[in-house]
Amino acid sequence: MHIQPSNPCFPDIAFVDAKCEHCDSGSNTNSLKQMITLYALHWIGGLLKMQLQSMSLGKGWNFKFAFNPLRIKIGGSLQDHVVYGVGGVKNCPNFIKNEDSLFGFSQGCLPMERWDQLNNFFNQTGVKVTFGLNALLGRNRSEIEKGLWVGDWQSQNAGDFMKYTISKGYKVDSYEFGNQLSGAGMGASVEAEQYGKDIVVLKNLVKELHPDPKTQPKVLGPSGYYDEKWFNSFLEVSGHDVVDGVTHHIYNLGPGDDPNMIAKIQDPSYLNQVSQTYKGVLNIVNKFKPQSGAWVSESGGALHGGTKDLSPTFADGFWYLDQLGMASVRVVTKAVVITVTV
């Protein structure tokens, strides 16, 4: 396996060029094969600006389909700060840096012209698409608890976006609800019971717009850090046949500016600590959603964009391979996907 430094036309991603010699012998190797399937297009990484013309097959990115299918997740830090330029949304601005706003940026918008361009790229490459939906739309900041957002999720904009997507014949494999809003959250959080009720609303919307179960996109969540009490409540409230994949994030190396990062990456005892998270998620999934499976829908080792002069190098491969092996052994599920962002 080779972890390649970021592509110059999209500097916020590390690309994995992976080949598998014997991927058809045994369940663990099959799980490992499924893990190396995800490239992430993060809103903050230039999704609205990157030059797609140079990214199609044969023109810039050398896609290798040894691990097939390739999955692209559209989401990340700013997905809960995005509206979709369709339906009642007439003004569709880009993100503007604003330190006083959530996540340090003003609210941004995805124009449907850009969505068209992205889907042209998806069609050329034959990828599966996981789309991260804004789960804060309609909510307000709590006046009592800092960081908590309260109120019901407003589904109208997401529904209009799905209708447009269907009308154009675009294929979305799954919709992931929110980003890092579980537990204490990252900048914002939603209580587990409320989140469970709202993902039921999303599931019903998906079923209404996609009545054929064979073509119905999956519903994933909560897409955040594992918190046992929060995950328990969320899955208990959402009930059966709602969450198709229980997604969680792992950044077990801590902040990217840690001067001791290289020591962490090479310390097996430190890397093994995260095994408790894998065990915890698997236990809760088996308890509430055995049909769903556990997905690591985002992981980059180090928080906040990785570690300069380390994350896009060979040394980071020790962490990456350790995560792949640990997930393969401890989380044998329908699908396990790991995002590597730098």
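**Salt bridges in this model**

Arg-71, Asp-173 and Lys-218 are joined in a network of salt bridges, a salt bridge being a side-chain nitrogen of Lys or Arg within 4 Å of a carboxyl oxygen of Asp or Glu. The model is predicted, so local features need pLDDT of at least 70 and side-chain atom pairs count only at pLDDT 80 or more, while totals for chains, interfaces and linings use all residues. Residues are numbered from 1 along each chain as its sequence is written, and side-chain values use heavy atoms, with hydrogens and water left out.

In the salt bridge between Arg-71 and Asp-173, the closest N and O atoms are 2.7 Å apart. Arg-71 is in strand 4 (residues 71–75) and Asp-173 in the loop between helix 3 (156–167) and strand 10 (174–177), so this pair ties together parts 102 residues apart in sequence. Helices (H or I, at least four residues) and strands (E, at least two) are DSSP runs, numbered from the N terminus.

Asp-173 also forms a salt bridge with Lys-218, at 3.4 Å from N to O. Lys-218 sits in strand 11 (residues 218–225), 45 residues from Asp-173.

Are these residues buried or exposed? Buried means under 20% relative accessible area, exposed over 50%, and partly exposed in between (1.4 Å probe, protein chains only). Arg-71 is buried at 9%, Asp-173 is buried at 17%, and Lys-218 is partly exposed at 30%.

By the salt-bridge rule, the count comes to nine.
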